[in-house]
Amino acid sequence: MTSTQKRVFVSLLLISLVYFVVFIFPNNTGAKDEMMISLFEPDEFAQYPVVTQMLEPDGSRNQTIYNFIAYGHYYYGSPFYVSSALLLLPLKLTQNPADTQLNMLLLRQFISILPMLGALLLLTHLQTKFKSPLKSIGLFVFLLSVSAVVENNLWWHVDSLAVLFVVLTLFLLDRDDGRFGLDFALAAISTGLATGTKVIGLFFVLTIPTYLLVGIISKKLTLRTAILKGILFVSIMAAAIVISNPFLLLENQRVEMIKTLTRQSRSMSEGWTLTYAKGPASWLHIIEELYGQLVFLALAFAALLLGIWRGENRTRHLLILTWALPLGLYVLFTIAIKPTHFFLPILLPVYSSLVVFFEFPPFNADKPRKPVSWLWGGLIFAVILYQFVAYVNKDVTLYREVLTREENEKSLVFYEVLEQDYLPRIQTDEQLKVFRDVRMYFPESPRWIVRTYWNSKYSTIEKIKPDIIILWSQRILDYTSESAQQNAVDPESFQDTFTFFVDADRDQLRGYRLVYRDGEGLMFVTESLYEQFFRE
C-alpha cells in the first residue's frame, strides 16, 4: 500500500470505530429479559434460545458437541449461529445468571454491525482502491448512511454476515483480475459461505459464468479450461457449504433443514397466515423509505451501466450487475412478505458504483470539461446530496426510536397494570400456565410457566390448557378484518384462528373470561380463576 492508501485506510478505520461506538447506546436497550426481546424484535427472540441452548452442557461431551452442531433452527446456517455462540461463550463461562441485555448488545454489535463495516470497507476498496481520500471517505460515509444499513445495525440478524460474504466474493473476483488463481478459489469459498449462511450465494448463478465468459473472450481461457474452472469453482463452493455447516453430514438434520427451508420458501412467497401482495409496487414504500428515491436508484443503475460501457474496470461493474439482477428480480416478483433488509446485498454493491461518475468530467480534472458536463455533473451531485440528507434524517429517527423504545412501548405499560391491579389478586400455590402473544410482555416467574406463540387458535389453547391468556389487540384487528378470511394462506386452517379472535374480541372466548383490556392487549383467565379471584 502507498502512503496515501494507508492514510485512507486508517481514516476509514477511525470512522468505523466511531460508528461502532455510537450504536452501543440504542443496542443496549430492549432486552432486560428474554420476553422483552420479543416486543421489539420477534426474530431475535426466536434466535436467542438457539444460541443459549448450543452453549448448554448436556450430559456427555459428545452430546454437548452434537447439540452445538445440530442446533435445529435451520432457517439460517451454522456460520451465523456458531459465530454468535462463540461470541457469548466467554460470558457463558462467567455469567450466573446470564445477562440477557449484555448478551444482546454484543450480538448486535459484533454479529450485525462489525460484519457490515467489513463489507462496506471492502466495497469502498473495490471501487476506489483507497487511492483517493475524498472519493474513498465520501463513498464509505455515504454507504454507512443508507437507512436500511442503519436499521439493520439496530438488531441481531444474519444479514450482515450474508452481505459480507457476498461483497467478499465480488472483491475476490475483482482482485483475481482474470487470473483464475487463488483469489478465484477463495471467491468460491466465500460464495459457499454466502450459500451456507442464507442461501443467497446461489444467486451468483449468472456472475460466475459471466466471469468465465470474460476470460474466454479475453483469451485468458479456452472453452475447455473455462469448463474445468467452473467445475472447480462449484466443487470448492460445495465443500465450503458442507464444512461450514457440518450438520449436513447428519441425515436426520439434513432432512430437517430441507423441510425447514421448504416451509420457509412457501411462507416467503405467500405469507405466514394471511397472503401478501407481490410485485415491485408492493415494495415501493420500503425502497423509498430505506433505500432511496426512485430517481436516486435510477442514477445508481445508470452509474453501473456507465461503468460497464466506459468504466476503467468494466468487468467489475458487469459482475455487480449479474449479481444484483437475478436476486433483485426474485425478491421483487416472488417474495410476498416484506423484510426490509432483503435489498441490502443487492443495492449496496450497486450504490458503490456511483463512484464511476467521478471518472468523467466535470469530476475528473484530467479530462476536458465541457459546459454540458458541468450541467449533468451538478444534477448528479444534487441527487446524491439530496439522498444523503434524506438518509441522515431517517437515520436520526430510527436511532431515537430504538434508543427510547422501552419508554414508549405500550405492552410494558399493559403489563405494569396487570402487575399492579390484577395478578396480585390470583392467590394460589399452583404454578399457572400463561399463553402470551409474542408481541405482549409477560416475564417468566416462579409463579408462571409462560408459553409464547406467534399465532393463536382454539386448537392450540385446547392442547396446552393455559390458565391465563394474553393477547395483542393488533392481532385481533388483523385477523378479524373483512378481508382476513379471503386472504388466508390456508382458509380451512385459518377458520379456527378467525373464530378464536372474533370470540376474544367479543369476550366470548370459550372457557375464559376477560378481566382487563386496553388499546394494546387483553387478559383472559379461566372460568374457575375468574369465579375464585375476580367476581365481584
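**Reading contacts, burial and ring pairs**

Colleague: Among contacts in the protein between residues at least 6 apart in sequence, what percentage joins residues at least 24 apart?

Modeller: A contact here means heavy atoms within 4.5 Å, and 73% of the contacts between residues at least 6 apart in sequence join residues that are at least 24 apart. Bear in mind that this is a predicted model, in which local features need pLDDT of at least 70 and side-chain atom pairs count only at pLDDT 80 or more, while totals for chains, interfaces and linings use all residues. Residues are numbered from 1 along each chain as its sequence is written, and side-chain values use heavy atoms, with hydrogens and water left out.

Colleague: What percentage of the residues is buried, and is A484 buried or exposed?

Modeller: Burial is read from relative accessible area with a 1.4 Å probe and protein chains only (buried under 20%, exposed over 50%, partly exposed in between). Buried residues make up 53% of the 536 residues, and A484 is one of them, with a relative accessible area of 1%. A484 sits in the loop between α23 (473–479) and α24 (491–505), and, neighbours within four places in sequence aside, A484 is in contact with L274, D478, Y479 and F494.

Colleague: Which residues does R510 contact, leaving aside its neighbours within four places in sequence?

Modeller: R510 is in contact with Y458, E462 and D503 when those neighbours are left aside. R510 belongs to the loop between α24 and β4 (512–517), and is partly exposed, with a relative accessible area of 47%. The C-alpha atoms of R510 and I461 are separated by 9.9 Å, although the two residues are 49 apart along the chain.

Colleague: How many aromatic pairs does the structure hold?

Modeller: Rings of Phe, Tyr and Trp (its six-membered ring) pair if their centres lie within 6.5 Å, and planes under 30 degrees apart count as stacked, over 60 as edge-to-face and the rest as tilted; the structure holds 36 such pairs. One of them joins Y415 and F442 edge-to-face, at 5.5 Å centre to centre and 75 degrees between the planes. Y415 lies in helix α21 (residues 410–422) and F442 in the loop between β1 (432–437) and β2 (448–453), so the pair ties together parts 27 residues apart in sequence; both residues are buried. Y479 and F501 form another edge-to-face pair, with 5.5 Å between centres and 70 degrees between planes, and this pair links distant parts of the chain, Y479 in helix α23 and F501 in helix α24, 22 residues apart. Y479 is buried at 9% relative accessible area, and F501 is buried at 1%. Ring pairs also link Y71, Y74, Y76, F80, Y81, W156 and F247 into a cluster.

Colleague: Which residues of helix α12 are buried, and what covers them?

Modeller: The buried residues of α12 (residues 207–217) are T207, I208, T210, Y211, L212 and G215, and their cover includes α10 (159–176), α11 (182–198), α13 (223–244) and α17 (314–334). Just after α12, K219 takes a positive phi of about 65 degrees.

Colleague: Where is F130 found, and what is the phi of F180 near?

Modeller: As a general idea, most residues other than glycine have a negative phi. F130, not a glycine, has a positive phi of about 60 degrees; F130 is found in the loop between α7 (100–128) and α8 (133–145) and counts as buried at 5% relative accessibility. F180, also a residue other than glycine, has a positive phi near 55 degrees, lies in the loop between α10 and α11, and counts as buried at 4% relative accessibility.

Key: Helix = DSSP H or I, 4+ residues; strand = E, 2+ residues; numbered from the N terminus.
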